[in-house]
Amino acid sequence: MRHVIALDVGGTGIKAALIGAEGEFLYRARRATGRERGPDAVVEDILGLAADRHVRGERHFGEPAAAAGVAVPGIVDDVRGLAVYAANLGWRDLPLRDLLTERLHGVPVALGHDVRTGGLAEGRAGAGRGAGRFLFVALGTGIAGAIGIDDRVEAGAHGFAGEIGHVVVRPGGHPCPCGQRGCLERYASAAAVSTAWAEASGDPAADAADCATAAAAGDARATQVWQEAVEALADGLLTALTLLDPRMLIIGGGLAEAGDTLFTPLRAAVEARITFQKLPEIVPAALGDTAGCLGAGLLAWDLLNTPAHPTPSEVTA
């Protein structure tokens, strides 16, 4: 059976899968990223996990994987196959695609940004299926986006498209590790909400989920913190709508788990800002934490369907 290897590398865990030609999961596994052991150890674990899936697939399905796809966090140059920068993993200009291709004995490898990869899966098999043009936004520790155009995700000329978290929404505001001030992710990410709510509540252990729960229960302080995040997010999304004119906005990540506590005020805030723009449908992501791994598999299949790349028979010859 033809299949591909899919890896979704996160700050705390790595998801691995073998995925069939119809996008079906044939095998799934998870393990801790183990970043406390250092960047080199993490890379070796990724290479070893991919090689193990390669052997497992050949043993169970009678042939080796035709390709592999890998989703990684941080700043990713999809075009050159580099993990340019991932602060939580200690990577800088890591040639991960080449390393994996070598470990897998020439099997072609696609490398993608984790959010763009998850957005690809949402567009083809999740909330954006059939939408044509959509913007997927993940509200996690940071904020990033994926620009969906007719069943694919736009990477940009240099592989950096979709970084909506670094749209400045509060000029001169909080400093961001990217070097700017007032970036969206400093106000509307799960990390930003956690920090604001911990300070407002006086509980250092309080996080964004606690803030959402308290806001839903009518706590005035939590409502203020939550609404400030929603307003900042709406400002950032308005910029995106003006530039991209998507048919659908798909919101995922940790904050989206708040459900109507997020979506009801967010829809109202975006609508209030609309002038000439067309209001898109604003919906929650549908695939949860499987999106990244499925998207990595779709990247691998896309690689095989690109004429410039070798066929599976050429790879294994």
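Student: How much space is in the largest cavity?
Tutor: About 40 Å³. Keep in mind that this is a predicted model.

Student: OK, and which residues line the largest cavity?
Tutor: The lining is made of L139, A188, V193, W226, A229, V230, L233, L255 and L262.

Student: What does that lining look like by class?
Tutor: Nine nonpolar residues, with no polar and no charged ones.

Student: Which helix gives the most to it?
Tutor: Helix α7, residues 220-244, which supplies four residues of the lining.

Student: Which elements supply at least two residues each?
Tutor: α2 (96-103), β8, α3 (114-125), β11 (152-154) and α9 (291-304).

Student: Which way do the residues of β8 point?
Tutor: V109, L111 and H113 go one way, A110 and G112 go the other, and all of them are buried. In a regular strand, side chains alternate between the two faces of the sheet.

Student: And how does β8 pair with β4?
Tutor: In the parallel sense, over five bridges, with β4 covering residues 68-72. Within that pairing, V70 sits opposite L111 of β8.

Student: What's the strand order in the whole sheet?
Tutor: β3-β2-β1-β4-β8, an open sheet of five strands with mixed pairing. At the edges are β3 (25-32) and β8, each pairing on one side only. On average, neighbouring strands are turned by 15 degrees against each other, ignoring direction.

Student: How do β1 and β2 run, parallel or antiparallel?
Tutor: Antiparallel, with seven bridges joining β1 (3-9) to β2 (13-20). L7 stands opposite A16 in β2.

Student: Last one: which strands do helices α1 and α9 lie across?
Tutor: Helix α1 (39-61) lies across β1, β2 and β3, at about 155 degrees to β1. For α9, the strands are β1, β2, β3, β4 and β8, and this helix runs at about 135 degrees to β1.

Note on methods:
Residues are numbered from 1 along each chain as its sequence is written. This is a predicted model: local features need pLDDT of at least 70, side-chain atom pairs count only at pLDDT 80 or more; totals for chains, interfaces and linings use all residues. Side-chain values use heavy atoms; hydrogens and water are left out. Buried means under 20% relative accessible area, exposed over 50%, partly exposed in between (1.4 Å probe, protein chains only). Two strands pair if DSSP finds at least two bridges between them. On a 1 Å grid over the protein atoms alone, a cavity is a set of points where a 1.4 Å probe fits but cannot get out, and a pocket is an open set with protein on both sides within 12 Å along at least five of seven lines; lining residues have an atom within 4 Å of a point. Grid points are joined across faces, edges and corners, and a volume is the space filled by probe spheres set on the points. Ala, Val, Leu, Ile, Met, Phe, Trp, Tyr, Cys and Pro count as nonpolar, Asp, Glu, Lys and Arg as charged, and the others, Gly among them, as polar. Axes are lines fitted to C-alpha atoms, for helices over the stretch in contact, and angles run from 0 to 180 degrees between N-to-C directions. Contact means heavy atoms within 4.5 Å.
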